[in-house]
Amino acid sequence: MRAMVVLWTAMAAYGADEALVAKGAAEERKACVGCHSARISSTQRLSRAGWEKELDKMVRWGAKVAEREALLAYLVDKYGDDKPGEALPRSADGVGR
């Protein structure tokens with residue numbers, strides 16, 4: 001019985017994280033993509049502290065972030081320093097664009 005409670009608790013926590021990350025994806029579209037493309041974020045690989053610093057900078061520059069914790073959770077989940085880098089497109093001659 002105890003194992004089931006632990007499993008249920010872990011699943012509930014995972015679901016909450018997924019909901020927070022989904023909310024953060026929506027916040028990225030509202031707060032970030034109006035000024036620059038999502039590619040700016042997707043090519044970064046920053047730690048949580050690095051993303052916090054970036055959010056602080058963007059807010060100082062005028063970004064309106066309503067769901068900061070959700071956006072931070074999303075950025076760390078998708079573009080954290082432990083995630084593989086995005087493959088950048090190449091031109092026909094093999095040179096990066």
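A salt bridge here is a side-chain nitrogen of Lys or Arg within 4 Å of a carboxyl oxygen of Asp or Glu. Keep that in mind for R48, E52 and E69, which are linked in a network of salt bridges. I will come back to that network.

Good morning. The structure above is a predicted model.

Start with the overall layout. The protein has 97 residues, and 22% of them count as buried. It holds 4 helices and 0 strands. From the N terminus on, the order of elements is α-α-α-α. Now the contacts.

Helix α3 spans residues 48-60, and helix α4 spans residues 68-79. How do their axes cross, and at what angle? They come within 10 Å and cross at roughly 130°. An angle over 145 degrees would count as roughly antiparallel, and 65 to 115 as roughly perpendicular. The pair is therefore oblique. As for handedness, the crossing of α3 past α4 is right-handed.

Which residues make this contact? On the α3 side they are R48, W51, E52, L55 and D56. On the α4 side they are R68, E69, L71, L72, L75, V76 and Y79. Sorted by class, that contact has 7 nonpolar residues, 5 charged ones and no polar ones.

Let us stay with R48. It lies in helix α3. Is R48 buried, exposed or partly exposed? Its relative accessible area is 40%, so R48 is partly exposed. Set aside neighbours within four places in sequence. R48 then contacts E69, L72 and V76. Take L72. R48 and L72 are 24 residues apart in sequence, yet their C-alpha atoms are 7.5 Å apart in space.

How many does the structure hold? The count is 8.

Where do the two residues sit? E67 is in the loop between α3 and α4, while K23 is in helix α1, residues 2-31. E67 has 33% relative accessibility, so it counts as partly exposed. K23 is partly exposed too, at 44% relative accessible area.

The second pair is E54 with K57. The N to O distance is 3.2 Å. Both residues lie in helix α3, 3 residues apart, which is about one turn of the helix. E54 has a relative accessibility of 27% and counts as partly exposed. K57 has 23% and counts as partly exposed.

K78 is partly exposed, at 41% relative accessible area. D77 is partly exposed as well, at 30% relative accessibility.

One is E27, found in α1. Is E27 buried or exposed? Buried means under 20% relative accessible area. E27 has 2%, so it is buried. What does it touch, leaving aside neighbours within four places in sequence? Its contacts are C32, K64, V65, A66, E67 and L71. Two of those names have come up already.

A26 counts as partly exposed, with 26% relative accessibility. How far is A26 from Y74? In sequence they are 48 residues apart. In space, C-alpha to C-alpha, the distance is 9.4 Å.

To recap. The elements are 4 helices and 0 strands. α3 and α4 cross at roughly 130°, in a right-handed crossing. Thank you.

Methods
Residues are numbered from 1 along each chain as its sequence is written. This is a predicted model: local features need pLDDT of at least 70, side-chain atom pairs count only at pLDDT 80 or more; totals for chains, interfaces and linings use all residues. Side-chain values use heavy atoms; hydrogens and water are left out. Axes are lines fitted to C-alpha atoms, for helices over the stretch in contact, and angles run from 0 to 180 degrees between N-to-C directions. Angles under 35 degrees count as roughly parallel, over 145 as roughly antiparallel, 65 to 115 as roughly perpendicular and the rest as oblique. A crossing is left-handed if the near helix is turned anticlockwise from the far one by less than a right angle, and right-handed if clockwise. Contact means heavy atoms within 4.5 Å. Ala, Val, Leu, Ile, Met, Phe, Trp, Tyr, Cys and Pro count as nonpolar, Asp, Glu, Lys and Arg as charged, and the others, Gly among them, as polar. Buried means under 20% relative accessible area, exposed over 50%, partly exposed in between (1.4 Å probe, protein chains only).
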